[in-house]
Amino acid sequence: MTSPARLGHMELALREARAAAARGEVPVGAVLVSPAGEVIATAGNRTRELSDPSAHAEMLVIREGTARLGRERLTGHDLYVTLEPCPMCAAVISFARIRRLYYGAPDAKGGGVEHGPRVLSHATCHHRPELYPGLGETEAAALLKTFFAARRPD
């Protein structure tokens, strides 16, 4: 059974995803949570706004978290993301030593965790977080579908 706290953290990530969509960004949101359950950082994609292809929601919360804590590792922290992380983000999640990764919608085209290169499954991966896919999947997938349907001609 999914705890209310986990659902609440994913709802914050979904809120960030909706805000990203309102800014014209791909609707992906992320929330970084401390071992004590404190929300450390929230963000939505900002690649267009910042003209930075690495400004994915996951990258932004990890950067904010490491800056706030003054260290490069986030051991014991949990990450909630509305979409399966891409290979770049999966690698950074490993490097940051995230304890648990919760994500909503799978990404068969651009994912890097359970699809594509499966970065966290490689023997050379130094750290593998616990994986919890599918949390908030229905709403996360609907946000993405609506966003892209409005931008693609029939």
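The discussion below treats a pair of helices and then a group of strands in this predicted model.

User: Why are H1 and H5 called roughly parallel?

Analyst: The axes of helix H1 (residues 4-22) and helix H5 (residues 137-149) cross at roughly 5 degrees. Angles under 35 degrees count as roughly parallel, and H1 and H5 are therefore described in that way. Their axes come within 11 Å.

User: What makes strand E3 mostly covered?

Analyst: Buried means under 20% relative accessible area. In strand E3 (residues 78-83), six of its six residues are buried, and the strand is accordingly described as mostly covered.

User: How do you know that E3 pairs with E1, and in which sense?

Analyst: Two strands pair if at least two bridges are found between them. Strand E1 (residues 29-33) and E3 share four bridges, in the antiparallel sense. One of the bridges links Val31 to Tyr80 in E3.

User: What joins E3 to E4, and in which direction do they run?

Analyst: Five bridges join E3 to strand E4 (residues 100-105), and these strands run parallel. Asp78, for instance, has Arg100 in E4 as its bridge partner. Between E3 and E4 the chain passes through helix H4 (residues 87-95), forming a right-handed β-α-β crossover.

Technical notes:
Residues numbered from 1 in each chain as written. Predicted model: local features only at pLDDT ≥ 70, side-chain atom pairs only at ≥ 80, totals over all residues. Heavy atoms only, no water. Axes fitted to C-alpha atoms, helices over the stretch in contact; angles between N-to-C directions. Helix = DSSP H or I, 4+ residues; strand = E, 2+ residues; numbered from the N terminus. Parallel < 35°, antiparallel > 145°, perpendicular 65-115°, else oblique. Buried < 20%, exposed > 50% of the residue type's maximum accessible area, 1.4 Å probe, protein only. Right-handed = clockwise from strand over helix to strand, strands pointing away.
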